[in-house]
Amino acid sequence: MDYYHILQEKLKFSVEKIPFKDHVGILYSGGIDSSIISSIIINSSSFKNILGVVAGLSGSYDIQNAISNAKSIKLPLSIVEFSIDDVKKVLPSLIKILPISNIVTLSIYIPIYFALRFLSKQKISNIIVGQG
């Protein structure tokens, strides 16, 4: 067995160990990590009611990339767009509650915050993240 198949089997095994299987939200960027995890979940008969969510600045390349990649793996995807003004409103709260040590970390947390807020409004509390 080659390394690709070993890794594939280990990832499938890990995903199947996720205790919740219904009403699952996937924080989806369209990158390699979230695409692999999402693809495994979509192709698993164990998971039901799956919703991918991408959050980003209105009109950003990240959102367009996620939409394109989600289509290729047949992931139902909701798009959450936010503006710089939206970020300015939530920034003080994020800085207070999150262990932020630098601007790069903060830039990762901002879209996650907006995606989680959206999923919460959808009454989805089972969240999967494919964050490298």
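Modeller: I take the right-handed β-α-β unit made by strand β2, helix α3 (residues 61-73) and strand β3. Right-handed means that, with the strands pointing away from the viewer, the path from the first strand over the helix to the second runs clockwise. Helices (H or I, at least four residues) and strands (E, at least two) are DSSP runs, numbered from the N terminus.

The model is predicted, so local features need pLDDT of at least 70 and side-chain atom pairs 80 or more, while totals for chains, interfaces and linings use all residues. Residues are numbered from 1 along each chain as its sequence is written, and side-chain values use heavy atoms, without hydrogens and water. pLDDT is the predictor's confidence in each residue, from 0 to 100; its mean over the protein is 91. Confidence is highest in β3 (residues 77-82), with a mean of 98.

β2 (residues 48-57) runs parallel to β3, and the two pair over six bridges; pairing requires at least two DSSP bridges. Ala55 stands opposite Val80 in β3.

Ala55 is also among the residues nearest the centre of the largest pocket, as is Asp62. A pocket is an open set of points on a 1 Å grid over the protein atoms alone, where a 1.4 Å probe fits, with protein on both sides within 12 Å along at least five of seven lines; lining residues have an atom within 4 Å of a point.
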